[in-house]
Amino acid sequence: MANLDGSATRAVDTASISRVVFDSGWRMLGDAQADGRVISDPNGAPDPRAMDAVVPGTVLATLIKHGVLKDPYIGANLAAIADQDAFIAGIDVFTCWYIHRFKVEQALPAGGRAWLVLHGVNYQADVFLNGKPASASPFKGMFTRHELDITDIIRPGQDNVVAIKVTPPPQPGNPFSGGHRDPDKDKSAPINWPSVCQGGDFALARVVTAQFSGGWDFSPYLVDRNTGLWDHVELVFTGPVRFAEDPRVTSNIAWPTRWPGDRTTPPESATINAEFSVSNLTSRDVECAIEVSVGDAATTGSATLAMGATTTVPASLEIKNPKLWWPHGHGEQPLYPVSARLLAKSGPNDLSVASDHYACEIGIREITSLKCPIDVPDLQAAVSRGSGAGPVGRVFFVNRLPIYIRGGAWTFPDAMLRHSPDDYDAQIRLHKQANLNMIRIWGGGIIERPGFHDACDRNGILVWQEFPMSADGLEGGDPTRNPGYSQAYLDCARDAVLLLRNHASLALWVGCNEGFKSPPAKLMRKASALIQELDPAVGDMGSRFVDFSTDGNAGLGPTDGPYDILEPYKFFAAGDTDHEIANLNVFNPEFGSVGFPVVESLRRFMDAEGLDVSKVLVRQSTFLDLPHSWYLHNYIPFFSGDVATADQVLLYGWPATIEAFCEQAQAAQYQQYKALFEAQTLGMWKRYSGGVLWRSQPGWPGLRGGLYDAYLEPTGGLFGVRQAGQAVNIVLNLKTLMYEVVNNTDDALPSGLPIEVTFCDASGKVVGAPSTLHTSAAVSARAVGGAVASGLTDRKVFRVARAVLKDMSGKTLARNLDWLGDTSFVMWDGATRGTKPGPFQPLRELAPVTLTVAAKGTRDQTGACTVSIDITNLDDTLAFFNRLRVVERGKPDTLVPALPSDNYMTLLPNETMSVEVLFQAPGPGAMPEITLSGWNSGTGTDGNIVPVAWSIP
């Protein structure tokens with residue numbers, strides 16, 4: 001059925017308990033003064049000014065969709081959107097109505113109830129249904145679900161119209177208060193664009209909302225401050241009794257005596273315990289029952305509820321021979337479906353009828369963490385040893401085994417909060433591809449949605465979820481002094497815990513981001529008590545809550561960083577007198593480096609000035625001459641200070657094209673991130689228990705941070721991190737120039753394993769014969785082996801070094817490649833531009849080589865494709881940094897998100913490498929195009945493309 005405004009009417013069946021998500025069919029009306037009674041009148045004419053709305057999304061997302069405002073993601077458009085409207089003209093500028101029309105097909109069942117649930121609205125919501133207010137007062141709070149009993153307003157058998165007025169946060173803040181210069185007008189003023197944190201004046205921190213909306217040092221301010229329906233709206237039908245809140249489902253594992261020392265003896269059983277809070281919505285006593293199933297096991301609980309009462313109904317059942325859930329890299333991620341059906345008698349002599357339903361998936365596992373010595377073998381040892389001696393930090397235990405954390409910090413899925421299950425799945429799979437096993441959800445962002453946690457459950461990524469408060473806001477004044485703040489914060493925390501606590505991946509709750517101005521102690525005590533009530537650690541071992549992300553008393557931090565771009569060997573110099581890495585902690589809550597997209601992505605969002613390579617090579621002492629669009633996209637250069645570290649892009653020579661700049665940026669990121677993670681891995685369980693990369697995902701098309709870009713194109717940094725995170729790895733310690741073996745598996749490696757080391761010179765030719773080294777001792781499980789001589793004597797001599805670790809049968813266990821040279825000087829862009837050769841410039845001047853590829857693939861009925869590719873270098877010169885891409889045929893800019901087992905590959909002369917690429921075909925019968933491009937592959941120019949012909953037998 002079409003309405004007068006062209007929108008569709010959704011038909012809703014109320015024959016049984018059901019849930020209907022309203023993610024489409026919304027219209028947005030930008031009139032703050034409109035009367036909700038009028039625009040929600042189902043008999044009235046729809047307002048022709050309304051436009052199709054983006055839900056989930058924000059007001060800004062809808063305005064951009066219809067061309068009302070320019071997309072701030074593109075070029076210098078951000079500067080053309082006047083933020084002054086938000087804090088001078090008033091918040092009415094972005095106060096809007098969301099309108100949805102639907103039809104209820106038939107009357108509610110006897111005793112049935114209808115509910116409207118808002119899963120995410122920012123910041124205030126006034127709700128009208130069928131010409132009447134649906135609540136006595138507005139709802140407030142970005143991260144708290146709001147639900148309305150609309151039984152008496154909904155019109156069975158007729159059209160219904162819901163209208164939701166969304167109002168921005170009451171104090172949106174001024175992002176220019178910290179000072180700002182326009183580089184087009186003032187070439188000498190200090191640059192502060194956009195101002196750092198909390199919109200410059202911290203006002204946004206006075207309410208519980210997404211604090212990044214006012215601008216941060218890595219993302220732009222958003223003029224609407226993320227106002228809108230940023231999560232779905234749901235219509236729910238129940239019977240006379242319902243679940244009052246999300247049930248809690250936990251597993252209690254019967255550990256074998258020899259566990260965890262002997263993982264070959266799995267647990268014989270696990271008890272699944274569930275607690276159901278049930279409310280009687282009627283004016284009489286009601287008998288109810290709950291039918292619970294977990295996998296193939298089932299049980300029933302029952303209770304009699306007095307009229308209007310709420311009670312807790314427990315249920316438990318046993319799972320024989322349970323399959324345990326493990327983080328990625330340590331085991332599989334089996335998930336058990338949980339179903340709970342609430343039955344109620346409609347009268348004294350009536351049969352029970354379905355009244356409510358709950359479903360989720362759980363993983364049977366035990367997760368805890370605590371501050372303890374980091375050399376402990378298991379949770380029992382950590383608890384018994386107490387504080388102990390040696391390095392002490394936060395250690396995470398899964399199924400009682402310590403897990404070395406390779407984490408990534410997550411800010412938001414998209415700055416305008418457009419998200420979907422498919423998008424979450426793609427981004428989480430990229431984290432898994434990088435061999436990360438934890439994601440820290442930053443407190444300046446959002447409480448992540450169940451779809452995010454679902455993807456982490458499936459992919460074995462542990463989650464640390466912070467509540468939305470940041471030290472940056474505390475610097476502007478204690479927000480708890482604002483009326484209602486503390487209660488809003490606790491309401492948000494409670495709802496988040498209820499919503500997410502059953503997820504297998506959830507490892508830690510954190511009160512806020514950072515603690516340079518310690519968060520209010522009284523509020524943190526209440527938050528801690530809330531976690532203890534709703535989601536305590538199993539058996540009271542460890543803790544599920546930490547006050548803030550740099551809480552040294554909890555083994556985190558107590559500082560964060562480093563963030564500097566360094567000569568790679570300096571990452572390995574921790575503890576030496578010449579190291580320049582500040583803030584090295586046993587567990588680092590965040591450390592980071594550069595981030596820059598590939599050229600194909602850069603072309604999608606950058607303007608012509610931003611693609612002019614002559615304007616992006618900046619002096620190391622200043623940002624002068626940088627394009628305006630690069631400022632707006634938060635570019636961070638590839639050097640540290642004037643003399644600390646040379647520009648890592650220019651080490652490869654002065655790029656003549658933007659393509660060459662992006663290629664060299666990928667090489668620099670690969671090298672920086674690989675060294676950063678490998679150096680920390682060599683200190684695994686000796687100096688470090690883990691750390692979190694700031695940031696692993698972009699959130700928008702920026703020019704700093706992220707292992708992949710806004711279009712899901714992996715950067716060189718992702719594969720540097722992936723290489724460093726191999727379960728078994730052979731690592732060149734760039735400080736000692738010795739090879740070391742990393743074993744992060746549960747099985748020891750025997751002594752005497754062969755390591756084949758090959759060197760290439762500046763011409764890309766192999767120098768001498770490969771040498772074979774041998775490990776001198778066994779490498780214990782989850783340990784780092786002893787140093788092995790490598791044959792390198794001076795890191796300042798240009799070399800490409802490739803090492804291959806094999807088992808006794810000759811099977812390759814690990815492969816690693818490094819390039820070294822004299823990077824100890826600084827290159828300027830003035831009179832010396834181009835006069836000094838970069839130490840890695842030989843890699844740009846390699847002779848052309850010919851690569852051959854052979855590929856075959858499979859595709860299942862869902863369109864999931866797996867393509868195996870063999871790549872061979874037929875020449876006597878190495879083929880440097882070859883990148884695989886998957887795009888739609890005929891659409892070279894339309895990326896098909898793919899997961900190659902390796903990328904940015906360097907092949908030695910006459911070497912063959914095998915790689916496997918996983919992706920989803922974009923349509924029935926579609927055969928996406930796979931290409932391979934390298935610095936010197938093909939016929940001799942930058943970026944030559946080798947087509948990868950593949951077929952399905």
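1. What do the buried residues of helix 5 pack against? In this predicted model, they sit against strand 26 (405-410), strand 27 (438-441), helix 6 (450-459), helix 13 and strand 44 (898-900). To find these buried residues for yourself, look for Tyr424, Asp425, Ala426, Gln427, Ile428, Leu430, His431 and Gln433.

2. Now helix 5 itself. It covers residues 421-433, which makes 13 residues, and spans 18 Å from its first C-alpha to its last, close to the 18 Å expected at 1.5 Å a residue. Just after helix 5 comes Asn435, with a positive phi of about 65°.

3. Next, see how helix 5 meets helix 6. Their axes come within 9 Å and cross at roughly 40°, so the two helices are oblique to each other. The crossing is right-handed. On the helix 5 side, the contact uses Tyr424, Asp425, Ile428, Arg429 and Lys432, while helix 6 brings Gly451, Phe452, Ala455, Cys456, Arg458 and Asn459. Sorted by class, that contact has five nonpolar, two polar and four charged residues.

4. Here's a bit of background for reading such lists. An α-helix has 3.6 residues a turn, so residues three or four places apart point the same way.

5. Residues making the contact include Tyr670, Tyr673 and Phe677 of helix 12, and Phe719 and Val721 of helix 13. The contact's residues divide into six nonpolar, seven polar and two charged.

Note on methods. Residues numbered from 1 in each chain as written. Predicted model: local features only at pLDDT ≥ 70, side-chain atom pairs only at ≥ 80, totals over all residues. Heavy atoms only, no water. Contact = heavy atoms within 4.5 Å. Helix = DSSP H or I, 4+ residues; strand = E, 2+ residues; numbered from the N terminus. Nonpolar A, V, L, I, M, F, W, Y, C, P; charged D, E, K, R; others polar. Expected span 1.5 Å × (residues − 1). Buried < 20%, exposed > 50% of the residue type's maximum accessible area, 1.4 Å probe, protein only. Axes fitted to C-alpha atoms, helices over the stretch in contact; angles between N-to-C directions. Parallel < 35°, antiparallel > 145°, perpendicular 65-115°, else oblique. Left-handed = near helix turned anticlockwise from the far one by under 90°.
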